Amino acid sequence: ALRLGPRVDVVSSTDVTALVSKGHYTYVHAWVDGKAREYISDLSLIHYESRIDPGSFQRTHRSAIVSL
């Protein structure tokens with residue numbers, strides 16, 4: 001579940017297009033209900049990397065993971 005303002009959305013990993021680390025936050029880019037959304041998470045990129053399918057995502061930079 002990811003927070004978008006006052007809302008909390010459950011986002012499937014198949015909807016995630018990219019994870020980008022900026023400062024102390026990870027920005028999760030996803031398609032939800034046919035719309036591009038950007039969620040801000042206080043979890044680290046390493047946290048997400050350890051939980052995603054390595055066959056579906058690739059780390060392209062020390063601050064970015066993208067969907068394949």
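Two strands are taken to pair if DSSP finds at least two bridges between them. On this basis, in the predicted model, five strands form an open sheet in the order E5-E4-E3-E7-E6, with antiparallel pairing. The edges of the sheet are E5 and strand E6 (57-61), each of which pairs on one side only. From one strand to the next, the twist averages 20°.

The largest nonpolar core comprises 12 residues: Leu 2, Val 11, Val 16, Leu 19, Val 28, Ala 30, Val 32, Tyr 39, Leu 45, Tyr 48, Phe 57 and Ile 65. Strand E3 (16-22), E4 and helix H1 (45-49) are the elements that give two or more residues to this core. The most is given by E4, with three residues. Leu 19 is one of the core residues. Apart from neighbours within four places in sequence, Leu 19 is in contact with Thr 26, Tyr 27, Val 28, Leu 45, Tyr 48, Phe 57, Ser 63, Ala 64 and Ile 65. Among these contacts, Val 28, Leu 45, Tyr 48, Phe 57 and Ile 65 also belong to the core.

As for aromatic rings, a search of the whole structure finds zero aromatic pairs.

The loop between strand E4 (25-32) and strand E5 (35-41) contains Asp 33. Most residues other than glycine have a negative phi. Asp 33, although not a glycine, has a positive phi of about 55°. The relative accessibility of Asp 33 is 70%, so this residue counts as exposed, the cut-off being over 50%.

Leu 68 is located in the segment after E7. With a relative accessible area of 67%, Leu 68 is exposed. Not counting residues up to four places away in sequence, Leu 68 touches Gly 55, Ser 56, Phe 57 and Gln 58. Leu 68 and Leu 4 are 64 residues apart along the chain, and their C-alpha atoms are separated by 24 Å.

Conventions
Residues numbered from 1 in each chain as written. Predicted model: local features only at pLDDT ≥ 70, side-chain atom pairs only at ≥ 80, totals over all residues. Heavy atoms only, no water. Phe/Tyr/Trp six-rings, centres within 6.5 Å; stacked < 30°, edge-to-face > 60°. Helix = DSSP H or I, 4+ residues; strand = E, 2+ residues; numbered from the N terminus. Buried < 20%, exposed > 50% of the residue type's maximum accessible area, 1.4 Å probe, protein only. Axes fitted to C-alpha atoms, helices over the stretch in contact; angles between N-to-C directions. Core = buried A, V, L, I, M, F, W, Y, C linked by side-chain atoms within 4.5 Å. Contact = heavy atoms within 4.5 Å.
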